[in-house]
Amino acid sequence: MNILNIAIDIDDTITDTYESMMPLVAINYDLDLKKLWANKPSYKELSKTLPNFDEFIQNNYHILANIVSVKEDAIKVLKKLRSEGHRIIIITARNTEEYSNPYKLTYDFLVSKGIPFDKLITNVGNKGLQCATEGIDVFMDDNTKNCKSAMKYNINTYQFKSNFCSQEDKIKRVNNWDEFYNIISNMSKEANN
Ligand SMILES: [Mg+2]
């Protein structure tokens, strides 16, 4: 079996950040949560339509980061991959503009939830470049821009299905964590042959 360096995004890939944020948005802006769910506006759309949305998010990042739930099977799959010898590198754009100490907040969250990882890198603007620097074999992120960035550096990239990100044909899509496990499993077997 071949050992792979696997880079994973946190928000909306490991965690249900969007889903956890929606009730906060509904309360703060006095909106109907059911309608919000029906429309599933993207972060960009929310930012365009709601007054001071970016500021609101900024003020609530630290709350959000602690209440977000972890996606089904994410912990199980990450543990399995790590026990098989693969390296898990968490790469997040969370930065000091959003959080006073993004590394510590994220590190503590990952540990408290029992999410296994070998390395955590925060404040990453260019995920493709970061993946190339870290010698990443496989990258998974929900964000279209980040996926394209990694593909530019020829990183084997998968986009985690989200409620609000557009799907593009040229980006390989993953619908759930079990699917990701199977992809890695096959990849590490293939690399061996
Ligand atoms: Mg994300």
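Which residue follows α8, and is its phi positive or negative? Asn154 follows α8, and its phi is positive, near 60°. Hello everyone, and let me show you around the rest of the chain.

A word on the model before we go on. This is a predicted model, in which local features need pLDDT of at least 70, side-chain atom pairs count only at pLDDT 80 or more, and totals for chains, interfaces and linings use all residues. Residues are numbered from 1 along each chain as its sequence is written. As for the element names, helices (H or I, at least four residues) and strands (E, at least two) are DSSP runs, numbered from the N terminus.

Let's start with the sheet. Six strands make an open sheet with parallel pairing, and their order is β3-β2-β1-β4-β5-β6. Two strands count as paired if DSSP finds at least two bridges between them. At the edges are β3 (119-121) and β6 (172-174), and each has a single partner strand, so one side of each is left without a neighbour in the sheet. From one strand to the next, the twist averages 25°. Axes here are lines fitted to C-alpha atoms, for helices over the stretch in contact, and angles run from 0 to 180 degrees between N-to-C directions.

Now walk along the pairs with me. Strand β2, residues 87-91, pairs with β3 in the parallel sense over three bridges. Ile89 has Lys119 of β3 as its bridge partner, and Ile91 stands opposite Ile121 in β3. Strand β1, residues 5-8, pairs with β2, also in the parallel sense, over four bridges. There, Ile6 stands opposite Ile88 in β2. Further along, strand β4 (residues 138-141) and β5 are joined in the parallel sense by four bridges, and Met140 has Tyr158 in β5 as its bridge partner.

How many of the five residues of strand β5 are buried? Four of the five residues in β5 (residues 156-160) are, so the strand is largely enclosed by the rest of the structure. By buried I mean that 20 or more other C-beta atoms lie within 10 Å of the residue's own; exposed means 12 or fewer, partly exposed is in between, and C-beta atoms are placed from the backbone.

Next, the helices. Back to α8, which spans residues 144-152: Asn146, Cys147, Ser149 and Ala150 are buried there. They cover an arc of only 160° around the axis, which puts them on the same side of α8. That arc is the one made by the directions from the helix axis to the C-beta atoms. The buried residues of α8 pack against α7 (127-134), β4 and β5; contact means that the C-beta atoms of two residues, placed from the backbone, lie within 7 Å.

In α7, the buried residues are Lys127, Gly128, Gln130 and Cys131. Their arc around the axis is only 165°, which puts them on the same side of α7. They pack against β1, β2, β3, β4 and α8. After α7 comes Gly135, with a positive phi near 65°.

Helix α5, residues 74-83, has Ala74, Leu78 and Leu81 buried. These cover an arc of only 65° around the axis, which puts them on the same side of α5. Lys76 and Ser83, on the other side of α5, are exposed. Gly85 follows α5, and its phi is positive, near 105°.

For a helix pair, look at α1 (residues 17-29) and α4 (residues 53-67), which pack at an angle of about 130° with their axes 10 Å apart. That makes α1 oblique to α4: under 35 degrees counts as roughly parallel, over 145 as roughly antiparallel, 65 to 115 as roughly perpendicular, and the rest as oblique. On the α1 side, the contact includes Met21 and Leu24, and on the α4 side it includes Phe56 and Leu64.

Most residues other than glycine have a negative phi. Asp30, not a glycine, has a positive phi of about 55°. Asp30 is in the loop between α1 and α2 (33-39) and is exposed, with 6 other C-beta atoms within 10 Å. Asn52 is not a glycine either, and its phi is positive at about 55°; its place is in the loop between α3 (43-49) and α4.

Lastly, Lys189 sits in helix α9, residues 177-192. Lys189 and Asn2 are 187 residues apart in sequence, and 6.7 Å apart in space, C-alpha to C-alpha.
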